[in-house]
Amino acid sequence: MRQKTPVCYDEQRETWDVFRYEDVNHVLKNHDAFTANRTLEDNESSNGGSDEMPMLQTMITTDPPEHNRLRGFIDEQFQPGAIREYQPQVEKVTAELLDDLENKQQFDFVDEFAVPVPVIVIAELLGIPADRREQFKEWSDALVARPEDDTEEEIQRVQRGQQQAQQEMGRYFAKLLEERRGGDGDDLVTLAANAEDLSRGEKVGFCILLLLAGNITTTNLLTNTIWSFEEEGIINDVRTGAIDHEQAIEEVLRYRSPIQSLKRIATENVELNGQQIQTGDVLTLWLGAVNRDPEIFDDPEKFRPERGPNRHIAFGTGVHFCLGAHLARMEADVAIEQLLERFDRLDADLSDLQPLSSLYGLESLPCEVS
Ligand code: HEM
């Protein structure tokens, strides 16, 4: 596909599929010609949202200059310096989860480690009280739930669950933001509450976006890391430091990118790699494919943990480059390092892999440890 038809139209899905690294890079960096505003595609009016339906007004679907306003107030908190300060909190969260696993010989890596790590970390950064964590996790799960089959009934069930979770979270965050306004805490809810040029709905939308964008993706990065390390037989080499774990995690991001595709919509008639794209056309940018583009990566189908420098775009690029990239990397580095330090032996069972239907990850990953 990448070589023969690098940009091709799929009549059924009504989208251009874009497979080459250079083309995807070009689209993502050219936000004037390719908007991230999905409301244009869905033909919904951008109503400014409400606390209940705040997703229309977050940075991820907004173009500059509005995008700068929605992201600028918090960008600093996600830069490497600020993220380093969160590291002790992440170490503590990880250590506590590992304490719970220490006496077990077997556990499900996804449910018992990869899911809770990012949920608890983001709950802490937002300053969610500990007694709301369970509720918080249920909301996060409902937000990213996908239909188990494609019957109308199942699709509606999942959509209802998402709407309900979004409404409940909307109300919860609206109240919390109100309570923290004027406060001097350094949690993300207080910072959003004190942001001057954001509406109430935009602040709520920001809080929910962090969960939507950060939880399942980081879960999948952790899962895909242990999956890949086991498959390659390198768990012990990573544990001893013979293989650098940070570099190896970068290779996981390339090789098993948690987000496989992004969407953009053309705002003008434009040519892309010889194809005429019309205003309003939808483009699907295949990150998974571009991260294996042989024009960019030597031996791209091979997992090479020592690969470097690694030019993958698993976190996107351009103005929407992942806000949480440094946080996700730090979480993964801490979690994987501590996990391997804690157990002398870790064997992941790859005999019955159940891939997730939407993002790139697994439903479960049974592990044996000692
Ligand atoms: C944006 C991937 C973790 C928050 C993005 C984008 C990608 C991505 C590809 C670009 C979306 C686009 O261009 O349309 C990932 C992956 C992660 C991860 C692979 C984990 C391995 C996180 C975390 C957070 C986060 C932990 C926050 C807690 C965001 C936000 C945006 C974003 C807010 C929107 C940025 C903007 O529009 O300016 N992420 N992400 N992500 N991500 Fe992440």
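Which strands does helix α1 (residues 21-29) lie across? Select α1 and you'll see β1, β2, β3, β5 (261-266) and β8 (282-286) under that description, with α1 running at about 125 degrees to β8. Angles here run from 0 to 180 degrees between N-to-C directions, with axes fitted to C-alpha atoms, for helices over the stretch in contact. Helices (H or I, at least four residues) and strands (E, at least two) are DSSP runs, numbered from the N terminus.

Before moving on: this is a predicted model, where local features need pLDDT of at least 70, side-chain atom pairs count only at pLDDT 80 or more, and totals for chains, interfaces and linings use all residues. Residues are numbered from 1 along each chain as its sequence is written.

Next, select the five strands of the open sheet: the order is β1-β2-β8-β5-β3, with mixed pairing (a pair needs at least two DSSP bridges). β1 (7-10) and β3 (34-35) stand at the edges, each with a single partner strand, so one side of each has no neighbour in the sheet. Zoom in on β1 and β2 (residues 15-18), which pair in the antiparallel sense over four bridges. Cys8 stands opposite Asp17 in β2.

Now pick helices α7 (residues 133-144) and α8 (residues 152-180): their axes come within 8 Å and cross at roughly 140 degrees. In α7, Trp139, Ala142 and Leu143 meet α8 residues including Gly161, Ala165 and Met169 (contact means C-beta atoms, placed from the backbone, within 7 Å).

Last stop, the ligand: of the 24 residues around it (C-beta atom, placed from the backbone, within 6 Å), Gly214, Gly316, His320, Cys322 and Gly324 come nearest. α10 (200-232) and α14 (325-342) are the elements giving two or more residues to this shell, and α10 gives the most, with seven.

Definitions and conventions
Two residues are in contact if their C-beta atoms, placed from the backbone, lie within 7 Å.
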